[in-house]
Amino acid sequence: MSAERNIDTARIFHEGWNDPDPERGAAVIADDCQFVDVPRSENLIGPDGYRRDYYRWRTAFPDGRVEIVNVIAAGDDVVVEFINRGTNTGPISTAQGDFPATNRRIEVPYCSVMRIQGGKVVNGRDYYDVCTILRQLGLMT
């Protein structure tokens, strides 16, 4: 596929977080996709991994929105810079347990590095600063 089509797929993947239904984003993920949330050391597998992560985020930040800032593509490789925003009005589920809602807003820059083949995300990695999230939520000084 062309770099332009891969950019379109990456946009669908990310802008799907803004929809009330995760199926838009899940539709562009290969069944065997390995997508790593680097700060959490979590490997999200296929569309089901995307859906689980979507609902975890949507529970913690029901008004959460993603704004794409920049997209760069070279062949099958796509890098997406985006900002995650939302108000923490639900529990945050983590490997260390659940944290109660703080009712604070976050605005955090993220970066996804993805490989897209045949219109599907086949692997990727998300990078972001957990300390910024914790500070904005008042969980760390």
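The largest cavity of the predicted model has a volume of about 90 Å³. One cavity of 30 Å³ or more is present in the structure. Its lining is formed by Phe-13, Trp-17, Ile-29, Phe-35, Asp-37, Leu-44, Gly-46, Gly-49, Tyr-50, Asp-53 and Asp-126. Two elements, S1 and H3, each supply two or more residues to this lining. The greatest contribution to the lining of the largest cavity comes from H3, which provides four residues. By residue class, the lining of the largest cavity comprises six nonpolar, two polar and three charged residues.

The largest nonpolar core consists of 31 residues. Within this core, the residues with the most contacts are Phe-13, Trp-17, Phe-35, Phe-61, Val-80, Met-114 and Val-121. Two or more core residues are contributed by each of helix H1 (3-15), strand S1 (29-37), helix H3 (46-60), strand S3 (65-74), strand S4 (77-87), strand S7 (105-117) and strand S8 (120-128). Of these elements, S7 gives the most to the core, namely five residues. Phe-13, Trp-17 and Phe-35 are listed among the core residues with the most contacts and also line the largest cavity. The elements S1 and H3, noted above for the cavity lining, likewise give two or more residues to the core.

The surroundings of Val-80, one of the core residues with the most contacts, were examined individually. When residues up to four places away in sequence are not counted, Val-80 touches Ala-10, His-14, Ile-68, Asn-70, Val-71, Tyr-110, Cys-111, Ser-112 and Met-114. Among these partners, Met-114 is itself listed with the core residues that have the most contacts.

Technical notes:
Residues are numbered from 1 along each chain as its sequence is written. This is a predicted model: local features need pLDDT of at least 70, side-chain atom pairs count only at pLDDT 80 or more; totals for chains, interfaces and linings use all residues. Side-chain values use heavy atoms; hydrogens and water are left out. A nonpolar core is a set of buried Ala, Val, Leu, Ile, Met, Phe, Trp, Tyr and Cys residues joined through side-chain atoms within 4.5 Å. Buried means under 20% relative accessible area, exposed over 50%, partly exposed in between (1.4 Å probe, protein chains only). Contact means heavy atoms within 4.5 Å. On a 1 Å grid over the protein atoms alone, a cavity is a set of points where a 1.4 Å probe fits but cannot get out, and a pocket is an open set with protein on both sides within 12 Å along at least five of seven lines; lining residues have an atom within 4 Å of a point. Grid points are joined across faces, edges and corners, and a volume is the space filled by probe spheres set on the points. Ala, Val, Leu, Ile, Met, Phe, Trp, Tyr, Cys and Pro count as nonpolar, Asp, Glu, Lys and Arg as charged, and the others, Gly among them, as polar.
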